[in-house]
Amino acid sequence: MANESSGDGTVTDVFAAFLGMDKAPSWGDSTDWQYWVIDTVKRHEAARGYDPHPIGMTMQFPVADQTKVNDPLLGSRAEWISPGYDDEIFAGGGHPMTPGSPPSRWYADPPVADGAKVVISDTDHYAPGQGDALWAWKSFLRGHHPILMDYGLIAGLEPAAESPAEAGVPPFSYYEPARWAMGDTRRYAERMGLIDMQPRRDLASTGYALVNPGSEYLVLQPDGDRFTVDLPAGTYQVEWFDVTTRETTSSDALNVEQEGAVEFSSPFPPGPAVIYLSRT
């Protein structure tokens, strides 16, 4: 409907001055208007016999209570949403982009998607200027669709160029791992029976897994340590993917004789890795 339309909140005079305003204005609440547009489009498509299009609603800004920023999105009739940071640590007016601030959970340890909405996880709404390969994989394995606010492209930089100091943004190369990782997650999504897979914290000791129990498992180990995956008895093909180097290797078929936790260790040097298990 609109990106970061107001949600009945106010900004500080300092922020208003940054926008070139003498004082902070009152922008009101766009929620009811956005709901009206969503319903109008749906009624129009139904009346004309058109194929329905998925409609999106994104984070509002500013809002009165940052911890409830996503409530209007979840309560809407939009099919997809793009949430914003809603951490309790920022309830008092803090911001994850403030120097020295801890990151939002949406960046560091994303919540599990419950299927109520398609979630387009946009770094613009919780970590502007940030984005790496691990962020993309974490978001994907929690059931979200990661998209990157890529300052390397926004600034119009050439791939080999450096950012001018006054630009205040990282060089083009800074975002290269995130760009590759979004493509890598896309390729796994196309290979798997994704529609039958769910994000599951409980089936892997790392907490990051997309699973169709007994059939397919895609698991992330963020730190390279040993980890376990709960598997039923059966034989599984094993593929490893190095998140950093993007190298892929296969291991011998895995025979699980009894249902339970199976321990794994990445064949790559210490660092984040992904294992893909498919039952034969």
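The protein exposes about 14500 Å², of which carbon and sulfur atoms supply 53%, the areas being computed by the Shrake-Rupley method with a 1.4 Å probe. Please keep in mind that this is a predicted model, in which local features need pLDDT of at least 70 and side-chain atom pairs count only at pLDDT 80 or more, while totals for chains, interfaces and linings use all residues. Residues are numbered from 1 along each chain as its sequence is written, and side-chain values use heavy atoms, with hydrogens and water left out.

Buried residues make up 46% of the 280 residues in the protein, where buried means under 20% relative accessible area, exposed means over 50%, and partly exposed is in between, with a 1.4 Å probe and protein chains only. The protein has seven helices and 12 strands, and these are DSSP runs numbered from the N terminus, helices being H or I with at least four residues and strands being E with at least two.

Now to the largest pocket, whose volume is about 460 Å³. Of the 21 residues that line this pocket, the closest to its centre are Phe140, Gly143, His144, His145 and Leu194. A pocket here is an open set of points on a 1 Å grid over the protein atoms alone, where a 1.4 Å probe fits and protein lies on both sides within 12 Å along at least five of seven lines, and lining residues have an atom within 4 Å of a point; the points are joined across faces, edges and corners, and the volume is the space filled by probe spheres set on them. Helix H7 (176-191) is among the elements that each supply at least two lining residues, and H7 gives the largest share, four residues.

Which residues does Thr31 contact beyond its neighbours within four places in sequence? They are Gln60 and Pro72, contact meaning heavy atoms within 4.5 Å. Thr31 lies in helix H2 (residues 31-48), and it counts as buried because its relative accessibility is 10%. The C-alpha atoms of Thr31 and Ala47 are separated by 24 Å.

Ala64, by contrast, counts as exposed because its relative accessibility is 68%, and its place is in the loop between strand E1 (56-58) and helix H3 (71-74). Not counting residues up to four places away in sequence, Ala64 touches Gly7, Asp8 and Gly9.
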